[in-house]
Amino acid sequence: MVELWNGTFQLKSSCHPDTMDYILEEVQEITLPKVIKWISSTVMIFGGVAPFIPQYREIKRKNDAEGFSLYVCLALLIANTLRILFWFGKRYELPLLAQSMIMNIMMLLMIHLCVKVKNRSQIIRGPDRVFTGIGPAHDEMPLRPKKREYPFDFDWKYFWAWTDFQSYIDFLLVVSLVMSLLTFLLLDFIIYVEILGFLALFMEAMLAVPQLVKNFKSKSTEGMSILMVLMWTVGDVFKTTYFILREAPAQFWLCGSLQVLIDVTILGQVWLYHKWFHHGKPMMLNNIKIVYD
């Protein structure tokens with residue numbers, strides 16, 4: 001900038017003279033603990049969805065979703081929705097809040113893929129199973145489309161086994177709306193807020209149980225991504241260690257320890273069923289004794 005002073009023109013810099021000193025000072029304030037904290041926060045935000053990426057790719061590659069339990073998505077959607085509501089009653093770290101939002105998006109992507117793959121793999125398409133009841137079969141030509149009389153014709157028999165993605169969205173919206181209203185009314189009650197947080201953490205700790213049960217019933221881990229379970233285990237160990245080092249409340253590291261135990265049990269199933277398959281061990285499948293030669 002040019003200024004007139006004492007009858008002469010002088011050039012004055014528009015930049016602050018201490019700009020470089022300020023930048024250098026900020027860089028010098030970056031310490032190893034700060035870097036570790038930033039890395040830990042990033043891992044906490046995106047580390048939760050990482051185990052589902054190989055499972056997503058495997059389902060898409062094989063065009064088969066039978067080995068993955070959609071109840072894992074149900075458990076995580078409910079748990080993270082409750083955790084988001086818990087934040088309004090008891091503020092916790094923002095990285096954990098962001099993790100819950102990203103996890104819900106990932107679960108919806110998993111459900112969308114599984115529904116699409118399952119519908120595509122059906123040879124004879126039966127009637128639609130939707131959140132509000134049973135739709136018309138595809139080979140029927142009704143005179144007028146069936147209205148989805150929401151939610152009075154809900155059928156528990158087909159709960160979380162719907163054939164359209166919109167049904168899962170509808171269910172999540174209903175749960176979110178009901179729990180949001182309840183939280184708004186009871187936000188000043190500490191007991192409710194603490195119970196809400198405990199339920200969120202406990203449901204997250206039980207997220208792998210549907211996969212464990214599915215493996216046990218089929219006596220097989222075929223279709224399940226072993227890399228996904230390994231990443232579950234590493235992530236849960238990291239998370240539990242993080243809670244212990246940060247001296248989080250007991251329910252945090254207790255639920256984290258329970259998650260690690262379930263992950264290890266599923267890895268034990270992988271070893272056991274693989275051993276049975278390759279060593280000709282008999283096993284019971286739907287009350288039928290099968291012997292592999």
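1. Glu 204 and Lys 239 are both buried in this predicted model. Their side chains meet in a salt bridge, with an N to O distance of 3.1 Å. The pair links distant parts of the chain, since Glu 204 belongs to helix H7 and Lys 239 to helix H9 (residues 226-245), 35 residues apart.

2. A search of the whole structure finds 5 salt bridges.

3. Helix H7 (residues 190-205) also contributes Glu 194, which forms a salt bridge with Lys 90, the closest N and O atoms lying 3.0 Å apart. Lys 90 lies in the loop between helix H4 (70-89) and helix H5 (94-121), so the pair ties together parts that are 104 residues apart in sequence. Both partners are partly exposed: the relative accessible area is 39% for Lys 90 and 30% for Glu 194.

4. A local pairing is found in helix H3 (residues 52-62), where Lys 62 and Glu 58 are 4 residues apart and therefore separated by about one helical turn. These residues form a salt bridge, with 3.3 Å between the closest N and O atoms. Glu 58 counts as buried, at 15% relative accessibility, whereas Lys 62 is partly exposed, with a relative accessible area of 39%.

Methods. Residues are numbered from 1 along each chain as its sequence is written. This is a predicted model: local features need pLDDT of at least 70, side-chain atom pairs count only at pLDDT 80 or more; totals for chains, interfaces and linings use all residues. Side-chain values use heavy atoms; hydrogens and water are left out. A salt bridge is a side-chain nitrogen of Lys or Arg within 4 Å of a carboxyl oxygen of Asp or Glu. Helices (H or I, at least four residues) and strands (E, at least two) are DSSP runs, numbered from the N terminus. Buried means under 20% relative accessible area, exposed over 50%, partly exposed in between (1.4 Å probe, protein chains only).
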